[in-house]
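Visitor: I am new to this structure and would like to learn how to read it. Could you take me through a few features, one at a time?

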Amino acid sequence: MNSQINNIGESIKRILESIPPGVLLLAAAKTRTLEEVEAAIQSGVTDFGYNYVQEALPIIQTIGNRAKWHMIGHLQQNKVKIAVEHFDMIETVDSWRLAQSLDRYCANLQKKMPVLVEVNSGHEVSKTGVLPEAVDELIMQMSSLKYLCVEGLMTMGPRFGDPEDSRPYFKATREVFERIAARNLPNVEMQFLSMGMSNSYQIAIEEGANIVRIGTKLFGDR
Ligand SMILES: *Cc1c(COP(=O)(O)O)cnc(C)c1O
């Protein structure tokens, strides 16, 4: 085992010790090799996130159901069919059009897909995701889709040097989460808040995150 792979084991041990029970460590695996992903599994990681379907496919096809696979990047319409065939959760639903398309392909497979709605909590023009004030309407529409189950929200939030600056965006996303949970909509089971990355996951957990998406702190610099 080379030293880089060894470090993955130590990093994961440290991260797992630093997160409370009930918080899922999702390894953000973009640019990582099959060997790195295997090393993470050996050290107890169960869930991996990918930004691109094409990058994930060979890894998913090799590892299969020894791990769970989350789509955490923007999902293009022309990748929906293949995404629903291979992923266990889509964290980045951000339009009614995408939701309908996912539902249609899941219906073909007779597969009920857990999804999160991605929130653009920083109101950033350059970012994907639904604005916090538009999430309710989208989820009410999605509630009619039989092959999707809305299980929560995901947000990136603006990037800051000081993770404390991320706190208001995590708080705002949590508020939307609570508001929607209280509506008790059909096909909506609000359970997951996916927020926080390598530099901000502690703050995100303080603000209610129960999925943290960690890349560099787990695998090393890209
Ligand atoms: C890369 C990525 C992460 C992890 O970022 P790190 O700073 O490397 O921990 C989390 N979420 C998404 C959507 C990402 O693309």
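Guide: Gladly! We start with pairing: two strands pair if DSSP finds at least two bridges between them. Helices (H or I, at least four residues) and strands (E, at least two) are themselves DSSP runs, numbered from the N terminus. Here His 70 stands opposite Met 89 in β4, and 2 bridges join β3 to β4, which run parallel.

Visitor: What should I know about the model and its numbering?

Guide: This is a predicted model, where local features need pLDDT of at least 70 and side-chain atom pairs count only at pLDDT 80 or more, while totals for chains, interfaces and linings use all residues. Residues are numbered from 1 along each chain as its sequence is written, and side-chain values use heavy atoms, leaving out hydrogens and water.

Visitor: In which sense do β2 and β3 pair, and over how many bridges?

Guide: Strand β2 (residues 47-50) and strand β3 (residues 68-71) pair in the parallel sense, over 4 bridges. Tyr 50 stands opposite Met 71 in β3.

Visitor: What unit do β2, helix α3 and β3 make?

Guide: A crossover is right-handed if, with the strands pointing away from the viewer, the path from the first strand over the helix to the second runs clockwise. β2, helix α3 (residues 53-63) and β3 make a right-handed β-α-β unit. The chain then crosses from β3 through helix α4 (residues 80-86) to β4, and this β-α-β crossover is right-handed too.

Visitor: How many residues of strand β5 are buried?

Guide: Buried means under 20% relative accessible area, with exposed over 50% and partly exposed in between (1.4 Å probe, protein chains only). In β5 (residues 113-119), 7 of its 7 residues are buried.

Visitor: Which way do the side chains of a strand point?

Guide: In a regular strand they alternate between the two faces of the sheet. In β5, Met 113, Val 115, Val 117 and Val 119 point one way, Pro 114, Leu 116 and Glu 118 the other way, and all are buried.

Visitor: Which strands does β5 pair with?

Guide: Strand β4 (residues 89-93) pairs with β5 in the parallel sense over 2 bridges, and Val 93 stands opposite Val 117. β5 and strand β6 (residues 148-155) also pair in the parallel sense, over 7 bridges. There, Glu 118 stands opposite Met 154 in β6.

Visitor: Is Ser 11 buried or exposed?

Guide: Ser 11 is buried, because its relative accessible area is 11%. Ser 11 lies in helix α1 (residues 3-18).
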